[in-house]
Amino acid sequence: MAITVRRLTQIGDLGLSLVAGLEGADRVIDWAHAIELVDPTPWLSGGELVMTTGLKIGTSAGEQYNYVSSLVQAGAAALAFDTGTTFERVPDGIRTAGDALGLSILSVPASTPFIAITRAVIDELTTDQIRAVQRVVDQQETFARATLRGGIPAVISALGRALSSSVAVIDTDQRTLAAYGADSPRAVTLARSVAEAAGSGSSRRRQTSKVIAGDHGYCTIQSVSAAQDLHGYLAVTSRGPLAPPDRLLVAHAVSLISIELSKPAKVVDAEHRLRAAVTQALLAFGEHVDVSLLRFFGFEPETPVAAVILTGVGPLLAAERHTTNVLGTDATPYLMTPTESEIVVIVPAERSAEIATRLHQQVGAQLQRSIGGGLGLPATVFAAARSVKQAAVAARAGRLQDKKFVDFADLGTFALLLGSQSAEELHAMSHSMLGALDDYDNAHAGSLVATVAAFLEHNGHTEIAAAALGIHRHTMRNRLNKVVELTGRDLDSAHVRAELWIAVTARELLTTLEDRR
């Protein structure tokens, strides 16, 4: 917290009182300077608390007004007037001038030496500097963690939040690599203008640092370079010029972005493979996974997590790339691995609903296809496999209910029935209704189980289910009659259909769990 005139008067040991110029009480004091000259302005640079005994201020109201006026023109923060040496009280001329010109006038009691005021100001300034340095150090650690978890987009988001500013970074081809904040389009435009001005020659030695001021505020633009090679430009918009600590944060972000842009492709691929391997190990071995591996990706043992599954994503390499891009827009930690046809993502539970929605919408848009998926319930990080299983149930329920994305928590009774079941329990639920059909299919190379699944998925519409299976409607009816014969159950009964639906879905979930082992 910067020390202001008002705050200085609140330091009880000094006994200072504000006697004029109340409107300037919130000015920040940069230094305290005792001076006894008729014209002290040559020795002032702005922001000082000028301290005087009044020895050279003059005796007339006009002289005193001129003295205060000179301090205002020099940018002084306030005037501290001693009342124990030359004057017993602050002269009326000084007070009147302070009120008229908006310069705060402090009355200093005879018992308070100027050195005590100077020491108080220095102590506050030192404390402010320590706070600023600590903030920079803390934010640098935040930026480093963001880089590990989400690369350049995460660094940009972390920088924008730290500065409460809009931030963007472009490459040398003027493509936007990442952006944060409502004013980021302006940041991109200004960065491109600087890139164009830099010319189209060699990419070496075109580093630059520039501040653009305009009606909408300031924009600080810094080139992003590594080993003298220019990789792009970082732009930060702000209402005023960036303070020195903020400029340090920008420089640190530039360094991290430079490292990311110059990182060999093999390193990026190794990080991706490690993330997938850790995810697979976590789902397979739970608490036996090395905690340090989880911490590398931002998860502590007590971190509540939730699983997101994306289905129908098509070619997995493209789906993984787009999923990584979406997750990298902020510093949220995540684990991710592909299966044969899905993407499994584990994220902090507190943001899981938001992230799931964003993944479903943005990955689908980037893939230009309609995708599905599911969200599991929160679990401890070592029990993430349970949330993955629930997300798989939700995704498959969504397919049966013609929904694209389903939260397991919205499945109600269905979630309670299947969500916490073990593989053995799922097998028992499935076999109790489908066992006789399995025996018949194995003996006759039949497909009664698939017939039942299609029949239920299409709400008991025989002809639609037959078309989905690619068989004649009479064949469909014959198969259903055989199902009735083998199970002894009436397929027209809603109760029977519900039991069969649970058995079929338990079979699908069991297959999913076995595929992930």
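Which residues does Thr220 touch, not counting residues up to four places away in sequence? They are Lys210, Val211, Leu234, Ala235, Val236 and Leu242. Keep in mind that this is a predicted model. Thr220 is found in strand E9. Its relative accessibility is 12%, so Thr220 counts as buried, the cut-off being under 20%.

Now step back to the sheet around E9. Five strands form an open sheet in the order E7-E6-E10-E9-E8, and the pairing is antiparallel. Strand E7 (176-180) and strand E8 (209-214) stand at the edges. Each has a single partner strand, so one side of each is left without a neighbour in the sheet. From one strand to the next, the twist averages 15°.

E8 and strand E9 (residues 217-226) pair in the antiparallel sense over six bridges. Together E8 and E9 form a hairpin, with two residues between them. Gly214 has Gly217 in E9 as its bridge partner. Ala213 stands opposite Tyr218 in E9. How many of the six residues of E8 are buried? The count is zero, and E8 is hardly covered. In a regular strand, side chains alternate between the two faces of the sheet.

Helix H4 (residues 114-163) touches strand E6 (166-171), E7 and strand E10 (229-238). The direction of H4 makes about 30° with that of E7. Helix H6 (residues 244-261) touches E6, E7, E9 and E10. The direction of H6 makes about 40° with that of E9.

Stay with H4 for a moment. Asp123 has its place in this helix. Asp123 has a relative accessibility of 45%, so this residue counts as partly exposed. Asp123 and Ile3 are 120 residues apart along the chain. Their C-alpha atoms are separated by 9.8 Å.

Next comes helix H10 (residues 352-367). After H10 comes Gln368, whose phi is positive, near 55°.

Further along the chain, look at two more helices. Two packed helices are described by the angle between their axes and the distance between the axes. Helix H14 (residues 448-457) and helix H16 (residues 473-487) pack at an angle of about 105°. Their axes are 10 Å apart. Angles of 65 to 115 degrees count as roughly perpendicular, so H14 and H16 are roughly perpendicular to each other. On the H14 side, the residues that meet H16 are Leu448, Thr451, Val452 and Phe455. On the H16 side, they are Met476, Arg479, Leu480, Lys482, Val483 and Leu486.

How far can the model be trusted? The mean pLDDT of the protein is 85, and 91% of its residues reach 70 or more. Over residues 201-205, pLDDT stays under 50. For residues 201-205 the model has eight contacts beyond four places in sequence. Where pLDDT is low, the predicted coordinates should not be read in detail.

Notes. Residues are numbered from 1 along each chain as its sequence is written. This is a predicted model: local features need pLDDT of at least 70, side-chain atom pairs count only at pLDDT 80 or more; totals for chains, interfaces and linings use all residues. Side-chain values use heavy atoms; hydrogens and water are left out. Helices (H or I, at least four residues) and strands (E, at least two) are DSSP runs, numbered from the N terminus. Two strands pair if DSSP finds at least two bridges between them. Axes are lines fitted to C-alpha atoms, for helices over the stretch in contact, and angles run from 0 to 180 degrees between N-to-C directions. Contact means heavy atoms within 4.5 Å. Buried means under 20% relative accessible area, exposed over 50%, partly exposed in between (1.4 Å probe, protein chains only). pLDDT is the predictor's confidence in each residue, from 0 to 100. Angles under 35 degrees count as roughly parallel, over 145 as roughly antiparallel, 65 to 115 as roughly perpendicular and the rest as oblique.
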